[in-house]
Amino acid sequence: MNFFNLIRIALRALQRNKLRAFLTMLGIIIGVGAVIAMVAIGQGSKQSIQDQLSSMGSNMITIRPNSNTSVGGGARLDATSLQTLKLDDIKAIEQQAKYITAVSPQVSGKGQAINGALNWPTSIQGVSPSYLDIRDWPLKDGVAFGDNDVKAASKVCLIGQTVVENLFSGGENPVGKTIRFNKIPFKIIGVLSEKGENAFGQDQDDIILAPYTTVQKRILAIPYIQNIFASAIDESSSTLATEEVSQILRTAHKLKTGDDDDFTVRTQAELINTFSSTSQLLTVLLAAIAGISLVVGGIGIMNIMYVSVTERTKEIGLRMSIGARGIDILLQFLIEAILISITGGLIGIALGITASKLITVFLSWPTLVSESSIVLSFIVCTVTGVFFGYYPAVKASRLDPIEALRYE
Amino acid sequence: MGKILELHDLKREFRMGTEIVRALKGVSFEVTAGEFVTIMGSSGSGKTTLLNVLGCLDKPTSGVYQLDGVDISKLSRDELARLRNRKIGFVFQAYNLLARTSALENVELPLFYNSGLTAHDRRERAVKALEAVKLAERLDHMPNQLSGGQQQRVAIARALVNEPVMILADEATGNLDTRTSYEIMALLQELNQAGKTIVFVTHEPDIAAFSSRTVMLRDGKVIRDSKNENVRSARQALSELPVADDY
């Protein structure tokens with residue numbers, strides 16, 4: 001018995017029952033399509049989170065103050081009110097750290113920005129000129145402030161796109177104009193390029209950047225700093241940089257061995273990992289749900305093949321009487337099952353890819369169809385065909401031709 | 001002439017619970033090439049059991065059965081299948097054509113289980129077999145587009161296509177009216193005259209009259225085995241039927 005003939009026999013048997021074959025396939029089509037679309041959604045969101053986090057600067061290290069006192073009774077303070085980070089810390093890091101290329105303090109305040117008749121509630125960030133490098137944030141227009149502006153606590157600022165849109169109407173060039181933030185006039189010397197939302201959904205363009213000294217003295221009236229942003233040499237050395245910074249700050253803060261840190265050092269890579277593992281979990285969950293539907297599809301094949309064996313008992317008897325061996329019958333039914341699942345799988349893959357694209361177009365969810373999910377679901381549906389097609393096929397091949405011929 | 005069938009003291013017993021049913025109690029006869037034998041008997045005579053054994057669908061409990069010189073008692077299930085494919089052409093009472101499958105494809109079916117034939121060979125032989133049963137112009141008709149007689153002719157073509165040594169018909173006219181039955185018998189007679197060996201199992205004496213020899217079974221034994229000296233011509237019987245016997 002030639003294998004090619006068997007495929008032809010199976011194909012013809014399927015052609016005779018197009019509707020039934022299609023309905024059986026439907027289970028696999030939906031199963032495979034769902035797996036691919038679900039994994040694509042999971043992977044897509046993972047990818048977009050990673051991209052967004054990287055857009056914040058993948059080498060970036062943030063240092064926040066942290067309360068190390070665990071004295072009972074006292075009110076614990078919000079991180080921005082903690083006064084443990086000083087400008088001296090910045091100097092210490094600048095002088096001692098080998099794995100850090102740039103460092104910038106950050107202080108921030110909220111308030112109302114006003115330009116003539118227009119006003120907009122936003123926040124002002126006091127930073128040093130190196131902040132733009134750390135955040136990998138180029139200017140769209142104008143120039144950045146320099147160290148002289150920091151020294152002099154100049155009332156100059158850079159504004160983000162959202163602020164531009166809300167304070168300047170009709171394509172007016174903001175550079176050179178003066179706006180007021182909490183009644184203090186700031187001269188706009190540059191406009192930041194658009195950065196979009198960050199991974200948490202915050203609008204990163206709704207911002208005004210000014211020299212930190214200006215914000216400290218004129219807006220907040222504080223001598224300490226709220227956060228420190230630093231940039232590691234590269235992504236791989238960010239862990240080393242973290243340790244180094246911790247050590248420098250412990251020394252600067254005169255912490256004894258055994259004392260808890262009064263600051264927290266975070267790398268962007270850690271953040272990426274945290275979010276990736278969350279979305280990885282999401283992907284696995286979605287894939288598992290879709291996988292269940294694939295198994296249900298497989299059981300559908302088995303069910304139909306069983307019914308089909310009973311329904312076609314007479315056909316099997318006839319085939320045996322004209323010379324089909326048990327193995328020929330077994331292979332015929334097995335090949336039918338495999339053809340159904342492979343065809344269903346291919347259609348399912350097409351459906352899954354189309355669905356992913358449509359989801360991106362209509363719901364604007366990010367999707368990413370990975371090759372591995374295609375290959376995997378294709379293998380799974382072939383295995384499903386063999387697995388669920390085998391028992392009905394064996395049943396068919398063991399029929400007694402005499403009984404089968406007499407079956408009505 | 002070579003011997004196509006040789007049966008010697010053939011017995012077939014079935015176990016039904018604790019009871020042993022002896023369906024064939026020692027059947028012996030021979031069929032030589034070119035014969036047209038009818039096997040007759042009422043129900044319960046062992047006719048069906050004998051047919052199953054002759055068709056290599058079943059093996060005898062004891063005794064010898066040689067088909068074209070091959071002793072089937074030593075063969076495995078797969079070897080029997082191969083033998084059925086190469087040496088026997090079945091014609092059933094209920095035609096047993098595959099539904100939604102053209103006449104041509106139905107006839108091609110046995111050839112699919114015969115590797116070594118190309119698609120072209122298959123088609124050529126199937127067309128030839130359909131020409132032999134005078135259905136050359138109905139190759140692409142589905143069984144439900146054919147009359148009972150035509151369906152049975154497709155089934156005969158299917159039996160012929162592998163060039164078997166014997167055509168084994170099981171009540172092949174049982175589902176047909178008299179006129180169509182005679183047409184089928186005329187066709188079988190023609191094939192027989194062209195040299196085909198035919199074994200025809202029936203319970204109708206009317207049909208047996210068209211064969212050259214009748215083996216009569218009763219209670220699992222051959223009670224009569226006689227040459228038919230006066231073979232009736234089916235073609236002539238057909239012409240003697242009233243032209244329009246329906247009103």
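This is a predicted model: local features need pLDDT of at least 70, side-chain atom pairs count only at pLDDT 80 or more; totals for chains, interfaces and linings use all residues.
Where in chain B is B:Ser212 found? B:Ser212 is in the loop between α7 (205-208) and β9 (213-218) of chain B.

Apart from neighbours within four places in sequence, B:Ser212 is in contact with B:Glu35, B:Phe36, B:Lys227, B:Asn228 and B:Val231. For a sense of scale, take B:Ala99, which is 113 residues from B:Ser212 in sequence. From C-alpha to C-alpha, B:Ser212 and B:Ala99 are 35 Å apart in space.

Most residues other than glycine have a negative phi, and most peptide bonds are trans. B:Asp68 is not a glycine, yet its phi is positive, at about 50°. B:Asp68 sits in the loop between β4 (62-67) and β5 (70-71) of chain B. With 18 other C-beta atoms within 10 Å, B:Asp68 is partly exposed.

B:Asn96 is another non-glycine residue with a positive phi, here about 55°. Its place is the loop between β6 (88-91) and α3 (103-112) of chain B. Is B:Asn96 buried or exposed? B:Asn96 has 22 other C-beta atoms within 10 Å, so it is buried, the cut-off being 20 or more.

A positive phi also turns up just after α1(B), where B:Cys56 has a value of about 60°. The helix itself, α1 of chain B, covers residues 47-54. Of its 8 residues, 7 are buried, so the helix is largely enclosed by the rest of the structure. The buried residues in α1(B) are B:Lys47, B:Thr49, B:Leu50, B:Leu51, B:Asn52, B:Val53 and B:Leu54.

Now to chain A. UniProt, in an unreviewed entry, lists residues 21-42, 281-308, 329-353 and 373-391 of chain A under "transmembrane region".

One more helix in chain A is α2, residues 18-55, and A:Ser48 lies in it. A:Ser48 is partly exposed, with 16 other C-beta atoms within 10 Å. A:Lys18 is 30 residues from A:Ser48 along the chain, and their C-alpha atoms are separated by 42 Å.

Next, how the helices of chain A pack. Two packed helices are described by the angle between their axes and the distance between the axes. For α1(A) and α11(A), the angle is about 60° and the axes are 9 Å apart. That makes α1(A) oblique to α11(A). The crossing of α1(A) past α11(A) is right-handed. On the α1(A) side the contact includes A:Leu6, A:Ile7 and A:Ile9, and on the α11(A) side it includes A:Asp328, A:Leu331 and A:Gln332. By class, this contact of α1(A) with α11(A) has 10 nonpolar, 1 polar and 2 charged residues.

The other pair is α11(A) with α12(A), the latter being residues 371-397. Their axes come within 7 Å and cross at roughly 155°. α11(A) and α12(A) are therefore roughly antiparallel to each other. α11(A) passes α12(A) in a right-handed crossing. By class, the contact of α11(A) with α12(A) has 20 nonpolar, 10 polar and no charged residues.

Last, the place where the two chains meet. How many residues does the contact take from each of chain A and chain B? Chain A gives 19 residues and chain B gives 21. On the chain A side, α1 (3-16), α10 (313-321), α11 (326-363) and α13 (401-406) each supply at least two residues. α10(A) gives the most to that side, with 5 residues. By class, the side of chain A that touches chain B has 8 nonpolar, 5 polar and 6 charged residues.

Key
Residues are numbered from 1 along each chain as its sequence is written. Chains are lettered from A and ligands numbered from 1 in the order in which they are written. UniProt positions are given in the numbering used here, feature names are shortened, and annotations may be inferred rather than shown by experiment. Two residues are in contact if their C-beta atoms, placed from the backbone, lie within 7 Å. Helices (H or I, at least four residues) and strands (E, at least two) are DSSP runs, numbered from the N terminus. Ala, Val, Leu, Ile, Met, Phe, Trp, Tyr, Cys and Pro count as nonpolar, Asp, Glu, Lys and Arg as charged, and the others, Gly among them, as polar. A residue is buried if 20 or more other C-beta atoms lie within 10 Å of its own, exposed if 12 or fewer, and partly exposed in between; C-beta atoms are placed from the backbone. Axes are lines fitted to C-alpha atoms, for helices over the stretch in contact, and angles run from 0 to 180 degrees between N-to-C directions. Angles under 35 degrees count as roughly parallel, over 145 as roughly antiparallel, 65 to 115 as roughly perpendicular and the rest as oblique. A crossing is left-handed if the near helix is turned anticlockwise from the far one by less than a right angle, and right-handed if clockwise.
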